[in-house]
Amino acid sequence: QQQQQQQMEQMRMRQQQQEQQRQFFAHQQLFMGSMPPPPSSSVVVGAPLPQPPPQQQPYNPQQMEQQQRQQPQYSPPLGSLNGTIPSSPFGHPQPQQQVSQQHPQSFPPQPQPHSSPHSSLPLPPHLASHNAIPAGSRLSAILGRTLQSSPSQQQRQDDDLGGLSQAFAQWKAVGSSGQPNQRPPGAGGLFSDSSPSFGPAIDSGAGLGMFSLGGLAETGGAPGNKLPSNVQQNVLSFLGVEGAGAQQQRQGGAETLPPSSSKPTPGPEPSPPPTTDAIQDAVTAAHQKAEWKPKRVTTNQPGSVTIRPDARKPHQGPVMVFRPRGELSVFWSLPVSYVETRSHAVPYNSGPEAATTAKNLKTLNLGLFRRGVGTCQNAIITKQVTGFNVALDSKGPSPCYRGMVPFYAPRSPGTFVFRLFFEGAEESRYQLGTSQTMYVEVQGRDLEPNLRFTLSQFKAKKTSLAALHQIGQVLQGLRAPLGGGDGSGRAAWGCFCESRKVLQGVEREVTEKEAEVEEIEKLLAADADNAGLETERKLKRAGLESLYRKRRDVEVALSQVMTHAVRNPAARQLFREDQWEGIRKEYETWCILSEKFAPNGVRLEDYQKDLFGFTPRMVLGKGGSAIASLSAQIRDNQAKTAPGPRFTEERTEVRARLQSIVSACMSLPAGTDLHIFGSSANGFGSPNSDLDMCLAVPGGREGLEDGVASMGALAEDLERAGMEEVSARLTARIPIIMFKDNVTGLDCDISLHNPLAVKNTQLLMSYSTVDPRVRQLAYAVKRWSKARDLNNPSSGTLSSYGWMIMLLHFLQGLGNQPVLPHLQKITPLWKGEPEKIYEGIPPSENMKHPTAPDVTVNTWFYRVLQPHGKDKTRAKHLSAFAARNTMEVGYLLAGFFRYYAYQFDFRRFVVSLYPGGRLLEKDMMGELHCWPVHVGLGIQDPFENFYNVGHVVKTAQFYRIRKECARAFSLIADAGGESFDKANLLNTICKVVGAEQEGAA
C-alpha cells in the first residue's frame, strides 16, 4: 500500500509539473525577453602548475621539431625506402615564439598553493578564475568544456555525448503532448531533422574535425523536482524554441534583417519543452560515461631534464649518441613553487631543509622511456630522485630543487628520452620535464655482445617480439664494414632463424584459434538459442582478432629485418652468400601494400592479383610513353573543372548578403565580419565547392559572453531570413552553422572565429600560384580521390584539405630540384636566388589560437595572394624556383601515386609541410603531442603543428588508400601496351568505384 501511495504521489507531482510547463509555455511570450543571467561564482579548473622560472628554458615542441630537422644527418641505411636512422633531437628546451597547445581542463583539481615567499609567482592560465557556469545549467558546463578541448579530447567527448542525441531522439520527434514536433522557421531550427544527429564531418578548408550533436538540453535537480524557471529559460534558449514576440523584444523591437527573396511563412505553435524526466534521462546518460582524460599531459612542463655523458663536461646538444650500457648523468630541476602546490606539501622554509625536501620529493621519479611511449607507467627503468643528492637552489626569484641521477644507456639500439614525473596513476600523467633525445647505436666491438643478448631474448617467449624489433634496429643502424671474426655473423644468423620461428609460432596459434572458432560456430548452428555458446563464441572471436593483429606486427617486424639484411651493405657482410640469398628470396614474397607474406608456394604476383584484382607495378617501364598523353589530359581536366569568373563574383555576393544578417544579429558584437576560406578561396575550388565562411569577432572569442549561444541566435536569424536546411553543430571544437542559400542554392557554413582557417586558405592559395602544375595536379588528385571514394572523412578517409597537404608535401620533396619550396621558411628579404632561398631567419607573426587563448601560433609564410598585383615580384621569384624542375605534369602525377603506394614509410614518418628539409618522425610527434605511434596516416597541420589532419583515417581505409595509389600507378605503367587506350588514361584512373564494379560484373 505504501508503494502504491508513493507511485500515486509521484504521478500527481508529474501531472502538476506538466501542467505548470504547459502554462509556462502558453505564456512564454510575456517574459521571453532578455533575462539576467543567474548569479555566478568563480570556479578553478586544473591542478596548480606554475610557469617555469625566468632563468629556466620552457618546454617547447616547436623548437624540438626544428632541432630535429637541423641536426647532422646519419648515413641513411639502404634498407629504408626513405629517411634516416631515427636519431632526431629532442633538444634541450629553448625559448621560442610558439608553444604547444594547453589543455585547460586536463589537470585534476588541486589544493590552493601554500602561503610561501613564492606564492606570488604568476600562475598559468588554467589557474586563473573562469567565468562561472550558470547555476542549474549543466549544458553550459558541457559546451564550455567542449569549446576548450583539444582535437583528441574533442573526439572522446563527442563519443561521451553521443548518448545524448539518442536520449533526445524521442522528444525531438514527438513532443510532450504525444504529437510530432512542428517547429516554425524561428523555433528549433538549430537541430533540423534533415541533418544527422551525431557524426563526424571534416571541414575541407581548414582540415579541422567537426562533430555534431543533434539535440542537447540539461538541467539540475533530482527526478520529480519542479523545473526552475531560469533553467526552463536556458533550455528553451539553447534549443531555439522562441516566440515571435520574444524575438522582436530581443532585437529591440525593430526590424533589423534585410529583405529576402523568400519570406518565411508562420508555422504552427512550437512544441512544449521536454519534460523533466526526459532531461534527467539525458543528464543521467551523460553522467554514466566516464570522463575521458589523456594518458599523458606534455604541455607547460615546469621542470627540466638534461642528459650529459660526463657530469664534468656540460653538453647541450640536440641529440646524444651512446654505446650500449654507456654511463651517463641526468640532471633535473623543478621549481619549489610547483612542488608546494601539491597536497600535503610543506613550505621549504618551515623546517629542516633535508626533512622538507625528502617529504616533498618522496615520490618524484626520473624514468627512461622509448621515445613516444604513451604513458609514464611503461618505463624501462625508473629511479626516485631522493635516492641521490638533491640540492635546494634558493638563489634568484624562484628557488628550485635540483639533482643528478646516474644511469646506464640501454642495451638495445633506438631513440630514448628521460621524463620527470611524480609516482601514482593520476600524477604520473603530468610530465614535468623531458630530456633531449638519446640515440643508442651498435657498432664495432659492441655488435657481437648485442647480437648474443638479442639471441637470448628470443629464448624467452615474452620478449620474442621485442627481440625481433631489436635485431631489425641493429641491422638498420650498421654503417661501417665489420671486423673481428665470425662470432657476429653466427649470432646474426641465429637471430634471423629465431625470427622466423616467432612467425611460425604465431601462425600455429592462429590456426588453432581458427579451429576453435569454427568448432564453436558448428555447435551454435545446431543450438542457436544457447546463450553460453554465444558468449563463448564472442570470446573466441575476440581472441582470434587479437592474434591477427599480433601476426601482422610480427610479419612487419620480420620484413624490416629482411629489408635491412638485403639492402644495407654493412649488414649484408654478416651473412654467408647462401644465407643472404635465402633471405633475399623470402623477402621477395613480401607484399608492402597488404603488409603480409605470400603463402608458401604462391608467387607474389599471383597472390597480389587474387587479393587486389590487379598486379601492382613498382616501376614505370613502358608506361613512360603515355606520359605526354596523360599530361595533356590533366591540363584538359583542369580547364574543364576550374571555376570561371562568375565563381568568385557569386560567392562574394552571397557573403555580402550574409554579412548584413551577421551585422544585424544582436548577439554578436559590432564590427563582426564574415571571411571566406576553404576551397572557395584557396585556388583549388570547383563550381560545386561549398562556401565556407567564419566570423571574425573583434577581440576574438573573449569578446563574446557565450559563443555557443551567439551562434544559436545567428542560426535563428539565418532561418528567419529565409535560409534553407539550417542546422548547427555547436558541440564541435569550432562551432559551425550549416545551411543552403535561398537565392543561389549554394551549400554554406559559418564557423565561429576561426582565423587559422583563413591563414590555411591563404597558404594554399600562395602555393597554388607558384607553378601551373600545382593546380593541374590538385584537380586531378581531387577528381581521383572523389571517384575512388577516398575523400569522405565520415567514412574514415581523408578530406580534400588532407589530400592537398599530401600533394604539396610530395612536390616539396623532389630531391635537389623540387617544384615547391617551404614558404614558411622563406624570409621577406629573399631576392630570388634559388640557392639562397632559405638564408636568414623567418620573422614571426604570432596569433592566439582560437580555442586555446594561451597558445600562440606563428602564422608567417611567404605570401603571394595577388600574383598580378602587389605580389608580382614574389610570384616571379617563386616561378623561377619551380621552373628548375622540368618534369611533365603526367610524370609528377605518376610519382605522386608511387610515392604514397611504395616509398613513404607511414610507420616511421609524418606528412608535413613544416620547413626543415627532412622527414618528421612519428615517434617524435608521439613524444611532443601524444600522437599514437602505430600504423596509419599522420598528417601535420601547417600551423597547428600539434593537430593530426589524418586522425580520421581508419586502419582499413588506410590500406585501401595505399592500394588505390598502387592501382593508379600500375595503370600508368601498363599504359605503354599497344592495346591500352592512352587517350582515356585519366578517365580510367578516375573511374568511379561503383561503375568499375558494375563493369566487372
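The side chains of R863 and E845 meet in a salt bridge, with N and O 3.0 Å apart. Here a salt bridge is a side-chain nitrogen of Lys or Arg within 4 Å of a carboxyl oxygen of Asp or Glu. The pair links distant parts of the chain, 18 residues apart. R863 sits in the loop between β21 (856-858) and α24 (872-883). E845 sits in the loop between α23 (800-812) and β20 (846-848). Helices (H or I, at least four residues) and strands (E, at least two) are DSSP runs, numbered from the N terminus. R863 is buried, at 14% relative accessible area. E845 is partly exposed, at 29%. Buried means under 20% relative accessible area, exposed over 50%, and partly exposed in between (1.4 Å probe, protein chains only).

This is a predicted model: local features need pLDDT of at least 70, side-chain atom pairs count only at pLDDT 80 or more, and totals for chains, interfaces and linings use all residues. Residues are numbered from 1 along each chain as its sequence is written, and side-chain values use heavy atoms, with hydrogens and water left out.

**Other salt bridges**

Side chains of opposite charge can pair when their charged atoms come close. By the salt-bridge rule, the count here comes to 37. Three of these pairs are listed below.

| Pair | Closest N to O distance |
|---|---|
| E448 and R452 | 3.3 Å |

R773 and D771 are both buried. E448 and R452 are placed otherwise: both lie in helix α11 (residues 447-459). They are four residues apart, about one turn of the helix. E448 is partly exposed, with a relative accessible area of 26%. R452 is also partly exposed, at 39%.

**A negative surface patch**

Which residues gather in a patch of negative charge on the surface? They are D690, E724, E725 and D747. Patch members have over 30% relative accessible area and no salt bridge; like charges are joined within 9 Å, and nonpolar side chains (Val, Leu, Ile, Met, Phe, Trp, Tyr) within 5 Å. Lys and Arg count as positive and Asp and Glu as negative, while His and the chain ends are not counted. The place of a charge is taken as NZ of Lys, CZ of Arg, CG of Asp or CD of Glu. Accessible areas come from the Shrake-Rupley method with a 1.4 Å probe. D747 belongs to strand β19 (residues 747-751). Its relative accessibility is 38%, so D747 counts as partly exposed.

**Cysteines**

How many disulfides does a search of the whole structure find? The search finds zero. A disulfide is a pair of cysteine sulfur atoms within 2.5 Å. Take C495. The closest cysteine sulfur to its own belongs to C497, 9.4 Å away, so the gap is too far for a bond. C495 is buried, with 0% relative accessible area. C591 is likewise buried, at 0% relative accessibility.

**Contacts around W493**

W493 lies in helix α13 (residues 487-526). At 24% relative accessibility, W493 counts as partly exposed. Q579 is 86 residues from W493 in sequence, yet 7.9 Å away in space, C-alpha to C-alpha. L455 is 38 residues from W493 in sequence and 9.7 Å away in space, again C-alpha to C-alpha.

Q579 is part of helix α16 (residues 577-587). Is Q579 buried or exposed? Q579 is buried, at 7% relative accessible area.

S456 belongs to helix α11. Its relative accessibility of 40% makes S456 partly exposed. The C-alpha atoms of S456 and C495 are separated by 9.1 Å, while the two residues are 39 apart along the chain.

H753 has a positive phi of about 40°, although H753 is not a glycine. H753 lies in the loop between β19 and α21 (755-768). H753 is buried, with a relative accessible area of 14%.

C930 also has a positive phi in a residue other than glycine, with a value near 60°. C930 falls in the loop between α26 (922-929) and α27 (955-974). C930 is partly exposed, at 32% relative accessible area.
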